[in-house]
Amino acid sequence: SDPRNDGYYAFDAGGGKFRMIVLNTIIDGTDPRLPTDLVRNPLALSDGTVDKVQFEWMQAELQKAWNAKQLVMVFSHHPDLTFAEFGIFAQAVPLDMTAAQVNAELAGWPNVLAWVAGHTHLHRVRPFAVTPGEGGALAGSNGAISTPVTCRKAGVAADGKPHCRGFWQVETASLIDYPQEQRLIEVFDNRNGTGTLRGPVLTHGFERSRKLAEADDRCQFFL
């Protein structure tokens, strides 16, 4: 009986080789400064976030996957750049965690492959790359968000680089508007200690659906 329907969960895939972590980044809008639980989503609008409870749950899931020698894929509706701290009412929204903190946590585990999200209705793939700085301190960045990173596996790999290299941030267009495309994500073992992540985009040829999607795409409410 959870009135807020927190909606985050995790499951195994690929014969147990993968741990899929699904985050709920939707802001339900309850605000501890307001006297009632009936006021929903005050000013966060369509932006997202994760609260401290969910963040700590994610940390525990990442630790379990690391202990089990599983690769990790993370999924959510919102990508990092659409978190509420970047919204027009950012100063008015009480937030537990930031997008930078989520990125730093994911980048701190060598077995995290990708964070897959939507919301933007755009095809966009960005590396959140981890690089060493002065004194060996690690920092991660995707060009818009930069943050210190603590790698859970100390030392360096055989190539002299940190074990934590970062992860891929993958966004995909929506099925509701033109061009109604979706993405297939494939993970390949290169049999040499490395892997390849492929994300081909799939489309369709149903013209009536395309025309409806074009009309919907002109509606500003879906931007």
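This is a predicted model: local features need pLDDT of at least 70, side-chain atom pairs count only at pLDDT 80 or more; totals for chains, interfaces and linings use all residues.
Eight strands make up an open sheet, in the order E1-E2-E3-E4-E8-E5-E6-E7. The pairing is mixed. Strand E1 (9-13) and E7 stand at the edges, each with a single partner strand, so one side of each has no neighbour in the sheet. From one strand to the next, the twist averages 20 degrees.

Strands of a sheet pair through backbone hydrogen bonds, either parallel or antiparallel. Both kinds are found here, as two pairs show. E4 and E8 run parallel and are joined by 4 bridges. In that pair, valine 116 stands opposite valine 170 of E8. Strand E6 (residues 138-141) and E7 run antiparallel, also with 4 bridges. Here serine 141 stands opposite serine 146 in E7. The hairpin of E6 and E7 has 4 residues between the strands. Glycine 143 in this hairpin takes a positive phi near 95 degrees.

**Helix H1**

H1 lies across E1, strand E2 (18-22), E3 and E4. It runs at about 175 degrees to E2. H1 has 16 residues. From first C-alpha to last it reaches 23 Å, close to the 22 Å expected at 1.5 Å a residue.

Which residues of H1 are buried? They are Gln54, Phe55, Met58, Glu61, Leu62 and Ala65. Seen down the axis of H1, its buried residues fall within an arc of 120 degrees, so they line one face of the helix. The buried residues of H1 pack against E1, E2, E3, H2 and E4. The face turned away from the buried side of H1 carries the exposed residues Val53 and Asn67. After H1 comes lysine 69, with a positive phi near 60 degrees.

**Helix H2**

H2 (residues 99-107) is mostly covered, with 7 of its 9 residues buried. The buried residues of H2 are Ala99, Val102, Asn103, Ala104, Glu105, Leu106 and Ala107. Their cover includes helix H1 (52-67). It also includes strands E3 (71-75), E4 (112-117), E5 (124-132), E7 (146-149) and E8 (166-171).

H2 packs on the sheet, where it touches E3, E4, E5, E7 and E8. The direction of H2 makes about 40 degrees with that of E7.

**Serine 76**

Serine 76 sits in the loop between E3 and H2. Is serine 76 buried or exposed? The cut-off for buried is under 20% relative accessible area. Serine 76 has 10%, so it is buried.

| Partner of serine 76 | Part of the partner | Distance |
|---|---|---|
| Tryptophan 115 | Side chain | 2.8 Å |

Neighbours within four places in sequence can be set aside. Serine 76 is then in contact with Leu23, Thr25, Trp115, Val116, Ala117 and Gly118. Among these, Trp115 also makes the side-chain polar contact of 2.8 Å. Val116 is the valine that stands opposite valine 170 in E8.

Methods. Residues are numbered from 1 along each chain as its sequence is written. Side-chain values use heavy atoms; hydrogens and water are left out. Buried means under 20% relative accessible area, exposed over 50%, partly exposed in between (1.4 Å probe, protein chains only). Helices (H or I, at least four residues) and strands (E, at least two) are DSSP runs, numbered from the N terminus. Contact means heavy atoms within 4.5 Å. Two strands pair if DSSP finds at least two bridges between them. Axes are lines fitted to C-alpha atoms, for helices over the stretch in contact, and angles run from 0 to 180 degrees between N-to-C directions. The expected span of a helix is 1.5 Å times one less than its number of residues. The arc is that of the directions from the helix axis to the C-beta atoms. A polar contact is a pair of N or O atoms within 3.5 Å; within protein, one must be able to donate a hydrogen and the other to accept it, and residues adjacent in sequence count only if both atoms are side-chain atoms.
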